[in-house]
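Welcome, and thanks for taking a look at this structure.

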Amino acid sequence: MTTTHDADEPVDDGSWGSGEREPDPSDSLRTFGAVVQALREHAGLGRAEFGERIRFSKHTVESVELGRRMTDEAFVERAEGETGNTGALRKAAVHLTRGEPGLAAWFRRWAQLEKVAVSLCTYECRLVPGLLQSEGYARAAFDNSIPLLTDEQAEAQVTARLDRQKMLRTRPSVPFSFIVEESLFRRRLGGVAVTRGLLDQVLEVTAPRNVTLQLMPMEAEFHACLDGPVRLLETPEGRRLAYSEGQQNGRLIADPKEVSLLQQRYDTLRSQALNPKDSRGLLERLRGEL
């Protein structure tokens, strides 16, 4: 991509991310940018002088500091050298995630972790999990967003959701566990036709051996996850992480004690929910009633 620079500015030579503005900046980009700006100002450098020293244009420096552009290794290393080699930028850069249209800012980090997880567990009590949704159900869910989404925003959301679902097909050796409230399949969000399509989709994608679905029956007398939905995963390095989401926010949980507690709750809920065979039978009966 060709870019235009002022005559007195050095040309960027970063290998990626320095020439294009992010379509939807992530929180991690904004945070990283704020750290760059704070360290630059602490060093007593203006953007133009700082850019000259690290051999990036002042416009690129500005874009990085405002969270508009993903940075690269060259930017990080040179910026470290000009701001005291504190290590802050190197550590912060590890957690950078690109802005992804269609994914909520608070969910993007978890979405990246999902792609490499060696196991994934999901409990939901609000909507059928995104990884299991049919396109019609996803559209119905986004149609209920407040404030209303534009056609372009809704399309981006649906596209992102369907793209995430590919991991169920492309990662057959990864165990996926889902526990979902029975009531969500009885709600008929979007109407009978949408619910019929949803049930067909769920029965299909949960058929493989590595995908387990359990329904939490409406008449259950005991329930280990009354505090709300939860997701758990294990990274390739054996680290366990959790994710909790609410109204307009989400939280990545790394504290071992808290993750352990949530894992205990999920494991208990597994024993309280219908087994996979009975869960599938219930879905088939619900499908037959439509």
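How are helix 11 and helix 13 oriented relative to each other? They are roughly antiparallel, because their packing angle of about 155 degrees is over 145 degrees, the cut-off for that label. Please keep in mind as you read that this is a predicted model. The protein chain has 290 residues, 44% of them buried, and its secondary structure comes to 13 helices and 6 strands.

**The chain as a whole**

**Helix 11 with helix 13**

- Helix 11 covers residues 192–205 and helix 13 covers residues 276–289, and their axes lie 10 Å apart.
- The crossing of this pair is left-handed.
- On the helix 11 side, the contact is formed by Arg196, Leu199, Asp200, Val202 and Leu203, which meet Arg280, Leu283, Glu284, Leu286 and Arg287 of helix 13.
- Sorted by class, the contact of helix 11 with helix 13 holds 5 nonpolar and 5 charged residues, with no polar ones.

**Helix 7 with helix 8**

- Helix 7 (residues 135–143) packs against helix 8 (residues 151–164) at an angle of about 140 degrees, and the two axes are 10 Å apart.
- That angle makes helix 7 oblique to helix 8.
- Where these two helices pass, the crossing is right-handed.
- Helix 7 brings Glu135, Ala138, Arg139 and Phe142 to the contact, while helix 8 brings Ala154, Glu155, Gln157, Val158, Arg161 and Leu162.
- In the contact of helix 7 with helix 8 there are 5 nonpolar residues, 4 charged residues and 1 polar residue.
- Gln153 also lies in helix 8, and this residue is partly exposed, with a relative accessibility of 41%.
- From Gln153 to Phe142 the C-alpha to C-alpha distance is 9.3 Å, with 11 residues of separation in sequence.

**Helix 2 with helix 4**

- Helix 2 (residues 47–54) and helix 4 (residues 73–82) pack with axes 9 Å apart, at an angle of about 115 degrees.
- Helix 2 is therefore roughly perpendicular to helix 4.
- The crossing of helix 2 past helix 4 is right-handed.
- Phe50, Arg53 and Ile54 of helix 2 touch Phe75, Arg78, Ala79 and Glu82 of helix 4.
- The contact of helix 2 with helix 4 is made up of 4 nonpolar and 3 charged residues, with no polar residue.

- Is Cys225 buried or exposed? Cys225 counts as buried at 6% relative accessibility, whereas Cys125 counts as partly exposed at 29%.

**Two buried residues to look up**

- Arg231 sits in strand 4, which spans residues 230–234.
- With a relative accessible area of 12%, Arg231 is buried, since the cut-off for that label is under 20%.
- Which residues does Arg231 contact, leaving aside its neighbours within four places in sequence? They are Phe107, Trp110, Glu114, Cys121, Thr122, Glu124, Arg164, Leu241, Ala242 and Tyr243.
- Ser134 is found in the loop between strand 1 (119–124) and helix 7.
- Ser134 is buried too, at 8% relative accessibility.
- Once neighbours within four places in sequence are set aside, Ser134 is in contact with Val194, Gly197, Leu198 and Gln201.

Technical notes: Residues are numbered from 1 along each chain as its sequence is written. This is a predicted model: local features need pLDDT of at least 70, side-chain atom pairs count only at pLDDT 80 or more; totals for chains, interfaces and linings use all residues. Side-chain values use heavy atoms; hydrogens and water are left out. Axes are lines fitted to C-alpha atoms, for helices over the stretch in contact, and angles run from 0 to 180 degrees between N-to-C directions. Helices (H or I, at least four residues) and strands (E, at least two) are DSSP runs, numbered from the N terminus. Angles under 35 degrees count as roughly parallel, over 145 as roughly antiparallel, 65 to 115 as roughly perpendicular and the rest as oblique. A crossing is left-handed if the near helix is turned anticlockwise from the far one by less than a right angle, and right-handed if clockwise. Contact means heavy atoms within 4.5 Å. Ala, Val, Leu, Ile, Met, Phe, Trp, Tyr, Cys and Pro count as nonpolar, Asp, Glu, Lys and Arg as charged, and the others, Gly among them, as polar. Buried means under 20% relative accessible area, exposed over 50%, partly exposed in between (1.4 Å probe, protein chains only).
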